[in-house]
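Please open the model in the viewer and keep the selection panel at hand.

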Amino acid sequence: MNFISTRNNSKPVDFTEALSRGLADDGGLFVPENFPHFKMDDFSREHLASGPVSFSEFATKVLFPFVAESKLETALHDICHDAFNFAIPLSFLKDDPKTAVLELFHGPTSAFKDVGARFLAQCQVRLESKGTVIVATSGDTGGAVASAFANQPGFQVVILYPKGKISGRQEKQLTSWGPSVRAYAVLGTFDDCQKLVKQALRDPALAKRHRFISANSISIGRLLPQMCYHAKASVDYLTQTGHRPTLIVPTGNLGNAVAALWAKRSGFPIDRVILATNSNRTLVDFFESGNYEPGATIATLANAMDVSAPSNFERLEHLYAPTESGPLHPSLHFLKQDVTAVSVTDTEIADAIKRGYSDSGHIWCPHTATAVVAKERQQVEHAIICATAHPAKFETIVEPLIGRTVPVPPNLAATLDGTSVSFELDANFDVFSAALV
Ligand SMILES: *Cc1c(COP(=O)(O)O)cnc(C)c1O
């Protein structure tokens, strides 16, 4: 399959080409030229006949049409096997059996970013012998990318994060990997970090010194694998309940949510997708007014979603544009049939964390709590809540609210060792470019 630009003005390229380019020539983002149509029967029968399929087998099946006819086609099975080496369970709530929680936090850095970062790394090491992986992070991406590439000889990682705007444990996961991972604490917001990365990827002078690999959520190598858990969760939910679930996705850069919509477009039994955002209201305002007007970024309790200009917005628009060619004409009407955006305040997040624990013993991370609130507000009956991070990553927020400590799972504990080293940086491209020796 080929990938085209959201701006419809570049030559279609195959999966590996889209992966290595990061951005299309016209500045747009790569999207699949078309979508496969999976039939549910295949997956359901396999379920019933031979017991549950492993996630990596399922993912290989889902991703095959996208990777087919590229250099990585024959390696896909091994890539999935090596990347997806942790569980992604779907657990139904005891006190609310129509609601299931998709636990995306059992990877090495305890957030869903491990899925995309590990898949991307396994692809890259099969394509290149060396490279500089560059990534802006609002908290969790950087750790997942560092973890996925840290032990790959020939690769170094450059991370930009907004100084003072991420949790202590998140920062530890960015800064404690030794010399192959350089972490820059940028004096600015996540959006500033993202701008610096975009500029670096386009800069001809830097390209002479570095073979850059983009690892942001604009990378097709991160987005595609995220389709797989939404797809599998929807099949499992339908098999167990007889209903198509609505997915409730804590949303910042729209990576996880676009992946969910790509899974839906590929035929998986997903009813609607609800974008649970924090007080950064760009998406909610867009759904209400049709105007896309990112403002200043607001710092919230759900910091990995502190984004005012979601980097995957063009992909969302493109998916619902009435024609495949021609200029972008966002069709809010079509979009609203499948998608709703909800904004959740810090007060509501805190309240959901408190009530989750006192009412039923659940401990939600602040991001997952936005989805819990969105589900209640939209009165979704058949729901899958995407639990995007482990609450122990955000213990300084969660523990005072629930009045107890949150046990640190072993995978998380293992990433918190080591000495922290980071470099402070002005949000200025010339300074950044000079620092990138
Ligand atoms: C990255 C992140 C999000 C937001 O995901 P997007 O793909 O950027 O929309 C939500 N929750 C957590 C814990 C994250 O790390």
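Which residue has a polar backbone atom 2.8 Å from an oxygen atom of the ligand? Select Gly-252: its polar backbone atom holds that position. The model is predicted, so local features need pLDDT of at least 70 and side-chain atom pairs pLDDT 80 or more, while totals for chains, interfaces and linings use all residues. Residues are numbered from 1 along each chain as its sequence is written, and side-chain values use heavy atoms, without hydrogens and water.

Next, select Leu-254, where a backbone N or O atom lies 2.9 Å from an oxygen atom of the ligand. Then select Thr-388: an N or O atom of its side chain is 2.8 Å from a nitrogen atom of the ligand.

Move to helices H3 (residues 55-67) and H4 (residues 76-83), whose axes are 9 Å apart at an angle of about 135°.

Finally, select H15 (residues 346-360) and H16 (residues 366-378), with axes that come within 8 Å and cross at roughly 90°. Residues that meet here include Ile-349 and Ile-353 in H15 and Val-373 in H16. The contact of H15 with H16 divides into 6 nonpolar, 1 polar and 4 charged residues.

Note on methods
Axes fitted to C-alpha atoms, helices over the stretch in contact; angles between N-to-C directions. Helix = DSSP H or I, 4+ residues; strand = E, 2+ residues; numbered from the N terminus. Polar contact = N/O pair within 3.5 Å; in protein donor to acceptor, adjacent residues only side chain to side chain. Contact = heavy atoms within 4.5 Å. Nonpolar A, V, L, I, M, F, W, Y, C, P; charged D, E, K, R; others polar.
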